[in-house]
Amino acid sequence: MRSNIILALSLSIVGASAASALTLNVVATLPELADIASRIGGEHVKIDTLARGTEDIHQVVMRPSLVPKLNKADAVVYLGLTVEHTFLPGLLNVAANPEMREDAVKQCAGPGCIDCSEGVKVLEKPSTLSRSEGEIHPSGNPHYNLDPEEGLTIARNIAAGFSRLDSDHAADYRKNLKVYLAELEAKIVLWRKWAAPLKGVKAVSYHQDVPYLARFTGLEFVGTLEVKPGVAPTPSHLEKLVERMKQDKVALIVREKQFAPKLPGWMAEKTGAKVAVIGTMGKAFPGTDTFIKMSEHNLQALLGAVGKAP
Ligand SMILES: [Zn+2]
């Protein structure tokens, strides 16, 4: 009898430790998503990241070394709205993981897919979905990670996904989510105060990745150096843009880190506007490995360029 009790006790201890040692293998497409996923998942998740952060989000290359990670993954966390089109669907196809299959529209289909864009108020949504004529924003503008407010949406989506896949630890994910939301919300209150001098300031950007940044800061973007998303600048387009900038008294040129400084610098000389360099993914700059640090860095860059550094 006594030995039976000991056996039962030891079995329950083994069972408990096995359950708590269960780890969700997570692959995040972008560094700032990996950061939020690690904050929500805590000790229950192991996270790998696909993009390096210094690349153009529309041109991240498929590295075959990433296939085994996706093959073994329990979850893939991604920005969605087809922004990972150059690497995620292709890697999912080769990885042959039944929990997360390539999908032409949503990029990923299956229980392991955690699409962070669920519930995002999508801007520039077209009436028809098409990749014709080189369209690289076919599902609407996908660069919502540049609005700090959408960090809250991303965190909620990740917590819901982890809880669905690992219900044993749902209470922990809820607790971690609460802590993270409180931290980010406090930052957002601070950043709103910082951003006040940007309201109504006219600007241009290299790529059309700023509408969510505009929504948060009140910046007014009047054009892009690219002819349209993914189509490189041409001399005639830039000449017209310079005229427009002079007419509209545009004070700010936003250069995303992945684009060379030459053309924005030339436009600054022509117009007197100042250049701010921002990152469109975490880790674009040293010390911007988290969503919060990335958001803060970008805001400081914008404010610094217009002489209103916080
Ligand atoms: Zn884009």
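1. Two strands are said to pair if DSSP finds at least two bridges between them. By that criterion β7 and β9 are partners, for 3 bridges join them and the two strands run parallel. Within this pair, Ala-203 stands opposite Leu-252 in β9. The model under discussion is a predicted one.

2. As to the overall layout, the chain has 310 residues, of which 50% are buried. Its secondary structure comes to 10 helices and 10 strands. Taken along the principal axes, the C-alpha atoms fill a box of roughly 90 × 40 × 35 Å.

3. The pairing of β7 with β9 belongs to an open sheet of 4 strands, whose order is β8-β7-β9-β10 and whose pairing is parallel. The edges are taken by β8 (220–224) and β10 (274–278); each has a single partner strand, so one side of each is left without a neighbour in the sheet. On average, and with direction ignored, neighbouring strands of this sheet are turned by 30° against each other. Strands of a sheet pair through backbone hydrogen bonds, in either a parallel or an antiparallel sense.

4. The remaining pairings of the sheet may be described in turn. Strands β7 and β8 pair in the parallel sense over 4 bridges, and Ser-205 stands opposite Thr-224 in β8.

5. Strand β9 (residues 252–256) deserves a separate remark. Of its 5 residues, 5 are buried, so the strand is largely enclosed by the rest of the structure. In a regular strand, side chains alternate between the two faces of the sheet. In β9, Leu-252, Val-254 and Glu-256 point one way, while Ile-253 and Arg-255 point the other way, and all are buried.

6. The metal site comes next. Which residues coordinate the zinc ion? They are His-58, His-137, His-143 and His-207, each through NE2, at 1.9 to 2.1 Å. The angles among the 4 donor atoms are 108 to 112°, and the site is tetrahedral. Along the chain the donors follow the spacing H-x78-H-x5-H-x63-H. His-58 lies in the loop between β2 (45–49) and α3 (67–72), and His-207 in the loop between β7 (202–205) and α7, so this pair ties together parts that are 149 residues apart in sequence. Both His-58 and His-207 are buried.

7. The structure holds 3 aromatic pairs, one of which is formed by Tyr-144 and Tyr-212. Their rings lie 6.3 Å apart, centre to centre, with 75° between the planes, and the arrangement is edge-to-face. Tyr-144 belongs to the loop between β6 (113–115) and α5 (150–165), whereas Tyr-212 belongs to helix α7 (residues 211–217), so the pair ties together parts that are 68 residues apart in sequence. Are these two residues buried or exposed? Tyr-144 is buried, with a relative accessible area of 0%, and Tyr-212 is buried with a relative accessible area of 0%.

8. A last point concerns a charge placed over a ring. Lys-257 lies over the face of Phe-285, at 5.0 Å from the ring centre.

Terms used
Residues are numbered from 1 along each chain as its sequence is written. This is a predicted model: local features need pLDDT of at least 70, side-chain atom pairs count only at pLDDT 80 or more; totals for chains, interfaces and linings use all residues. Side-chain values use heavy atoms; hydrogens and water are left out. Rings of Phe, Tyr and Trp (its six-membered ring) pair if their centres lie within 6.5 Å; planes under 30 degrees apart count as stacked, over 60 as edge-to-face and the rest as tilted. Buried means under 20% relative accessible area, exposed over 50%, partly exposed in between (1.4 Å probe, protein chains only). A charge sits over a ring if NZ of Lys or CZ of Arg is within 6 Å of the ring centre and within 35 degrees of the ring normal. Donors are N, O and S atoms within 2.8 Å of the metal (3.2 Å for Na, K and Ca); water is not among the atoms, so sites may look incomplete. Four donors count as tetrahedral if all angles lie between 85 and 135 degrees; four count as square planar and six as octahedral if opposite donors are over 155 degrees apart and all others between 65 and 115; anything else is irregular. Axes are lines fitted to C-alpha atoms, for helices over the stretch in contact, and angles run from 0 to 180 degrees between N-to-C directions.
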